[in-house]
Amino acid sequence: MGNSRAYPVFQTTDASTAYTQAMRLCALLVECDDEVGLFAELRTVADVRQMAAVLPETNFDSVGMRTGSVGEDVCFGLDVATADDASWEAHLPLGVTEHVPRGSVEERFVAALGGGVAAIDWHGLWPDEPEANRYGDAMYDGVQVVFHGERAQLSRWTEHHTVFVHVTNWGDLPRAQKLAAHIGSEVLGEKQLGW
């Protein structure tokens, strides 16, 4: 068990370009899960409304734990359709986490991103390469694009967007290098803890 290892293979300040490069890598997966994972941190009311248009059935939630005046946990419960801007402002930033059918909303999700950290995860299976004693592993393999971030485990905000390839839990630098070369890039840093 354990987590995959994620190698950063592309960075840019253009979200659309990062998404395009991630899709080029996804095309190399011999299998790709039917669902895609989406996450976004929404910092403004405009961000919330744009994301609600893309994911109308989603549940928004507070980013981080929130407590009330006497220390009680406060749960988020506004209705996207009826809440006014002032009501939303009091709850920002908000987060959204969804699993959606692959190919259904990813492009619109990228177009609706605001300035917060966000990610799209595609789990799949890299092709076997018996001559190199390298085999795909459906538990670990895949592609991730992190918007406004440089860590596969989402963390602090940056102005650039990073594309990662995920491989086995012990890492596979040669595979990551080969995948990076496919998009005209190279491995941009050390392996990181993945999903």
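## Exercises on a predicted model

In helix H2 (residues 45-54), the buried residues are Val45, Asp47, Val48, Met51, Ala52 and Val54; buried means under 20% relative accessible area, exposed over 50%, and partly exposed in between (1.4 Å probe, protein chains only). Helices (H or I, at least four residues) and strands (E, at least two) are DSSP runs, numbered from the N terminus. The model is predicted: local features need pLDDT of at least 70, side-chain atom pairs count only at pLDDT 80 or more, and totals for chains, interfaces and linings use all residues. Residues are numbered from 1 along each chain as its sequence is written, and side-chain values use heavy atoms, with hydrogens and water left out.

**Exercise 1.** State which elements cover the buried residues of H2.

*Solution.* Contact means heavy atoms within 4.5 Å. The cover of the buried residues of H2 includes E3, strand E4 (60-62), helix H3 (85-89), E5 and helix H4 (106-112).

**Exercise 2.** Compare the position of aspartate 61 with that of glutamate 41.

*Solution.* Step 1: aspartate 61 lies in strand E4. Step 2: its relative accessibility is 45%, so aspartate 61 counts as partly exposed. Step 3: aspartate 61 and glutamate 41 are 20 residues apart in sequence and 9.6 Å apart in space, C-alpha to C-alpha.

**Exercise 3.** Identify the members of the largest nonpolar core that touch the most other members.

*Solution.* Step 1: a nonpolar core is a set of buried Ala, Val, Leu, Ile, Met, Phe, Trp, Tyr and Cys residues joined through side-chain atoms within 4.5 Å. Step 2: among the 47 residues of the largest nonpolar core, Met51, Phe109 and Ile120 touch the most other members. Step 3: helix H1 (residues 15-26) gives the most to this core, with 6 residues. Step 4: a second, separate core of 6 residues includes Val117, Val146, Ala152 and Phe164.
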